[in-house]
Amino acid sequence: MSEMYFPQPGLIEFDETIVGTAELLPAVWRALEGIASPEASVRHQSLDQLLDLDAPRLSPLVAYVLATRLVDPNIKFRTRVIKTLGDIISHGTEQPPLYEVRRHLKAHCMVIGRGTVLAMLEIADLEPSVEGQMAAIFNLCSHSGAILTELMADRRVPLPLRRQAVHFIGRVGFIEAIPHLERLADRLVSRSNGQRRMSFAPPSESDENTLLTDVQAALGLLQNP
């Protein structure tokens with residue numbers, strides 16, 4: 001019985017119109033290794049090289065490796081990764097990504113968990129300039145809506161990150177979060193009314209009642225698209 005051969009898509013795959021593709025591969029590979037360096041400066045230089053080669057848009061492997069750096073400990077590098085991936089997903093670059101690049105990124109979304117979403121929300125709070133790219137990533141990762149909903153209701157999460165979670169729920173349009181937002185709004189209103197009756201007890205700086213405006217804004221976006 002003869003063996004059947006099923007061709008596999010290349011992980012480092014470049015557009016056929018690019019001249020000298022074979023010559024680019026060693027440079028891409030070296031830069032890709034640099035993305036895993038413990039030195040932040042090396043990671044930045046390596047990302048510069050990959051962007052110069054347009055590798056994140058053309059190579060599923062490069063895009064996948066970058067997606068694993070959404071939790072990078074260096075704030076600036078994490079911000080650059082979010083911008084790079086968000087631009088790829090939202091076609092913010094001059095040309096759309098290869099089909100396999102988007103498919104690999106979507107597959108990686110299945111393993112994105114609470115820690116990754118928190119790391120992204122931290123960037124949203126510090127660098128609002130990448131909000132659009134972050135929304136594109138959350139939109140591609142459909143189950144991120146459930147994680148954002150969980151985080152917005154978790155009082156152990158810092159208030160600024162909970163506020164960002166509420167914001168992206170509304171911006172991306174996770175309508176399944178509406179009942180959770182309504183329950184949170186009801187609880188905050190009830191709590192606020194109780195504090196008014198006890199005016200001698202001033203609210204603390206971390207008072208979650210300040211979330212109410214954000215929750216109501218998100219509900220407005222979801223209920224009146």
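**Labels and their grounds**

Mentor: The chain has 12 helices and zero strands. From the N terminus on, its elements run α-α-α-α-α-α-α-α-α-α-α-α. The model is a predicted one.

Trainee: How confident is the predictor, in terms of the mean pLDDT of the chain and the share of residues that reach 70 or more?
Mentor: The mean pLDDT is 85, and 81% of the residues reach 70 or more. Residues 1-12 stay under 50, and the model has 11 contacts for them beyond four places in sequence. Residues 15-20 are also below 50 in pLDDT, and that stretch has four contacts beyond near neighbours in sequence.

Trainee: What makes C109 and C141 a disulfide?
Mentor: Their sulfur atoms are 2.0 Å apart. The cut-off is 2.5 Å, so a pair of cysteine sulfur atoms within that distance counts as a disulfide. The structure holds one disulfide.

Trainee: Which parts of the chain does the pair link?
Mentor: The pair links distant parts: C109 is in helix α6 (residues 99-109), while C141 is in the loop between α8 (131-140) and α9 (144-153), 32 residues apart. The link is left-handed, with -50° about the S-S bond. C109 and C141 are both buried.

Trainee: Why is T84 called buried?
Mentor: T84 has a relative accessible area of 9%. Buried means under 20%, and 9% therefore puts T84 in that class. T84 lies in helix α5 (residues 75-89). Leaving out residues up to four places away in sequence, T84 touches L47, L51, P56 and L66.

Trainee: Why is D54 called partly exposed?
Mentor: The relative accessibility of D54 is 26%. Buried ends at 20% and exposed begins over 50%, so a value in between counts as partly exposed. D54 is therefore partly exposed.

Trainee: Where is D54, and what is its phi?
Mentor: D54 sits in the loop between α2 (40-52) and α3 (55-58). Its phi is positive, about 60°, although D54 is not a glycine. Most residues other than glycine have a negative phi.

Trainee: Why is α7 called roughly perpendicular to α9?
Mentor: The axes of α7 (residues 114-126) and α9 cross at roughly 70° and come within 10 Å. Angles of 65 to 115 degrees count as roughly perpendicular, so α7 is roughly perpendicular to α9.

Trainee: Which residues of α7 and α9 meet?
Mentor: R114, V117, L118 and L121 in α7 meet I147, L148, E150 and L151 in α9. By class, this contact of α7 with α9 has six nonpolar, no polar and two charged residues.

Trainee: What can be said of the chain as a whole, in burial and in contacts?
Mentor: Of its 225 residues, 44% count as buried. Among contacts between residues at least 6 apart in sequence, 69% join residues at least 24 apart.

Definitions and conventions: Residues numbered from 1 in each chain as written. Predicted model: local features only at pLDDT ≥ 70, side-chain atom pairs only at ≥ 80, totals over all residues. Heavy atoms only, no water. Helix = DSSP H or I, 4+ residues; strand = E, 2+ residues; numbered from the N terminus. Buried < 20%, exposed > 50% of the residue type's maximum accessible area, 1.4 Å probe, protein only. pLDDT = per-residue confidence, 0-100. Contact = heavy atoms within 4.5 Å. Axes fitted to C-alpha atoms, helices over the stretch in contact; angles between N-to-C directions. Parallel < 35°, antiparallel > 145°, perpendicular 65-115°, else oblique. Nonpolar A, V, L, I, M, F, W, Y, C, P; charged D, E, K, R; others polar.
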